[in-house]
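Please open the model in the viewer and keep the selection tool at hand.

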Amino acid sequence: WCCRWWHPWLGLALLAVPTPLSSSAGPPGGCPSPCYCVATPELVQCRYERLEEPPRELPGTVHNLSIAGSNLSILRRASFAARPLRDLRLLRLRHDNIQSIEDMALQGLPALRTLDLSHNPLRWVGAAAFAGLSSSLRTLQLNQALLAAPLEEQLALAMRNLSLRRLELAGNGLRALPATLLPPGLEELDLRNNSLQRLLPTELRLLDAPALRGLRVTLGANPLSCDCALRPFLAWLRAAPQRVPDARTLRCSGPPPLRGTALLRLRPEGLPCEGGEAGQLETASYVFFGIVLALIGVVFLMVLYLNRRGIKRWLHNLREACRDQMEGYHYRYEQDADPRSASAISTP
């Protein structure tokens, strides 16, 4: 009796659970077989399916597409143009081993606003890789994607016509502000977890230019060196902390006495100059001392050269005097050692 009562309720419960749609069970335009849809075909996820190219049979109504853990390797021309995805807003291609992006690889995505290429070993980006996205793309995520090769020049060409509002470059080992990758009108720049020790005065002037005056930069988890070379950046940060949203979390990584100290608790005039101005003065003093010694050595050699004949004559006279002195010592030694002379001296 309990089983007869349970089965109808079990069927109703199973009907109430949302299940992924698949191409094998769904109508045309449903999810491709290696992927699954969450709730509706508007959100498609293809995870760890080792795809070598993007799925071609995607729902025309998809808004968010995520492909992760595949082996796309090369994003070829018109990779998403087999069936234009006119409503796609977000495209995530993370951990897909993408190494090259060919020209026009992203055509057919006229409404794309966010492109995520993070965690890919990019080595080459075509100058027209982002063609067709100039009026729509607002966010480009390249976190841990620039470690395999220096791509700043290639990316600068590819991004020259984009109207980005947010650019993410976290975890790329950057040692300087990527000035060529900052389009006018950029509002947010993520530089966390790089290798920045400071922002130089020239970089600060770039951030204060009219085209980037509204830019906010996040700088957390960078090895900031709190010596006197940091003074311009610290003064800029204290004057406009709103330009760095995580300013209160920034900490010194060196020198040892200041390690772990919050930047905003420091004053520019109180920063030490270890390896800075004092080090430069010390280096200059050593260089000057070396130059003086070299000049003294040159003068001494010149004096020796100009007086070589007199020196030779002086050495000859010194040698003769030494010889006469040694002969005198030798003669007295022989006289003292002769027994006849000793007996004659002792006989009265």
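Begin by selecting Leu196, Arg198, Leu199, Leu219, Asn222, Leu224 and Phe233, the residues that line the second largest cavity. The model is predicted, and every stop on this tour should be read accordingly. A search of the whole structure finds two cavities of 30 Å³ or more.

For the next stop, turn to the largest cavity, which holds about 60 Å³ of space. To display its lining, select Pro55, Arg56, Leu58, Ser79, Phe80, Ala81, Ala82, Arg83 and Leu85. Six of these lining residues are nonpolar, one is polar and two are charged.

An open sheet is built from nine strands in the order 1-2-3-5-7-9-10-11-12, with mixed pairing. Strand 1 (36–37) and strand 12 (216–218) stand at the edges and have a single partner strand each, so one side of each lacks a neighbour in the sheet.

Within the sheet, select residues 64–68, which form strand 3, and residues 90–94, which form strand 5. These two strands run parallel and are joined by five bridges.

Finally, select residues 286–306, listed in an unreviewed UniProt entry as "transmembrane region". In the model, this span is 100% helix and 0% strand. The C-alpha atoms at its ends lie 30 Å apart.

How values were computed: Residues are numbered from 1 along each chain as its sequence is written. This is a predicted model: local features need pLDDT of at least 70, side-chain atom pairs count only at pLDDT 80 or more; totals for chains, interfaces and linings use all residues. Side-chain values use heavy atoms; hydrogens and water are left out. On a 1 Å grid over the protein atoms alone, a cavity is a set of points where a 1.4 Å probe fits but cannot get out, and a pocket is an open set with protein on both sides within 12 Å along at least five of seven lines; lining residues have an atom within 4 Å of a point. Grid points are joined across faces, edges and corners, and a volume is the space filled by probe spheres set on the points. Ala, Val, Leu, Ile, Met, Phe, Trp, Tyr, Cys and Pro count as nonpolar, Asp, Glu, Lys and Arg as charged, and the others, Gly among them, as polar. UniProt positions are given in the numbering used here, feature names are shortened, and annotations may be inferred rather than shown by experiment. Helices (H or I, at least four residues) and strands (E, at least two) are DSSP runs, numbered from the N terminus. Two strands pair if DSSP finds at least two bridges between them.
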